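Colleague: I'm new to this one and would like a close look at a single part. Please walk me through the sheet, strand by strand, and explain your terms as you go.

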Amino acid sequence: MERTFIRDIRTKCGETAKVSGFVENIRDGKSMAFIVIKDITGKLQITVEKEKCPALVDDIARITPDSVISCTGLVAENERNRASADGT
């Protein structure tokens, strides 16, 4: 699968896409992990539901800030970002 730059990710809503970048921040909770990655075009939050992806739990635990990662998954728009983009 070809990489999608973060600036273009909104064009992939509802589709599967691959993004790559540096980890800016990671919040690794009990049931979910939130990873903020950045590339030359912007930032993106990746959400991982650990119950749905148990094979990723050990990999997530090894991620540190400034790690370089690639992720493939379903693109979903954040409701808050949609409201801001619409001006409402």
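Modeller: Let's begin with a term: two strands count as paired if DSSP finds at least two bridges between them. The strands themselves are DSSP runs of E, at least two residues long, while helices are runs of H or I with at least four, and both are numbered from the N terminus.

Keep in mind that this is a predicted model, where local features need pLDDT of at least 70, side-chain atom pairs count only at pLDDT 80 or more, and totals for chains, interfaces and linings use all residues. Residues are numbered from 1 along each chain as its sequence is written, and side-chain values use heavy atoms, with hydrogens and water left out.

First, the overall plan. The protein chain has 2 helices and 4 strands, and along the sequence they come as β-β-β-α-β-α. The strands form an open sheet of 4, in the order β3-β2-β1-β4, with antiparallel pairing. At the edges sit β3 (42-49) and β4, each of which pairs on one side only. On average, neighbouring strands in this sheet are turned by 50 degrees against each other, direction ignored; the axes behind that angle are lines fitted to C-alpha atoms, for helices over the stretch in contact, and angles run from 0 to 180 degrees between N-to-C directions. As for what holds such a thing together, strands of a sheet pair through backbone hydrogen bonds, either parallel or antiparallel.

β2 and β3 are antiparallel partners over 8 bridges, and a hairpin takes the chain from β2 to β3 through 2 residues. If you want a spot to look at, find K38, which stands opposite K43 in β3.

Next along is the pairing of β1 (residues 16-28) with β2 (residues 32-39), antiparallel again, over 6 bridges. Here too there's a hairpin, joining β1 to β2 through 3 residues. Two places to check are V23, which stands opposite I37 in β2, and N25, whose bridge partner in β2 is V36.

Leaving out residues up to four places away in sequence, S20 touches R3, I37, D39, I69 and S70, where a contact means heavy atoms within 4.5 Å. R3 is 17 residues away along the chain, yet the C-alpha atoms of S20 and R3 are separated by 7.0 Å.

Two loops attached to the sheet are worth a look as well. K50 lies in the loop between β3 and α1 (57-62). It may be a lysine, but K50 counts as buried because its relative accessibility is 12%. Beyond its neighbours within four places in sequence, K50 is in contact with D28, G29, K30, S31, M32, A33 and V57. Then there's D66, in the loop between α1 and β4. D66 has a positive phi of about 75 degrees although it isn't a glycine, and at 56% relative accessibility it counts as exposed.

Zooming back out, buried residues make up 25% of the 88 in the protein chain. Of the contacts between residues at least 6 apart in sequence, 49% join residues at least 24 apart.

pLDDT is the predictor's confidence in each residue, from 0 to 100. The protein chain averages 90, and 90% of the residues score at least 70. Confidence is highest in β2, at 97, and lowest in helix α2 (residues 79-86), at a mean of 53. Over residues 83-88 pLDDT stays under 50, and the model has 2 contacts for that stretch beyond four places in sequence.

How values were computed
Buried means under 20% relative accessible area, exposed over 50%, partly exposed in between (1.4 Å probe, protein chains only).
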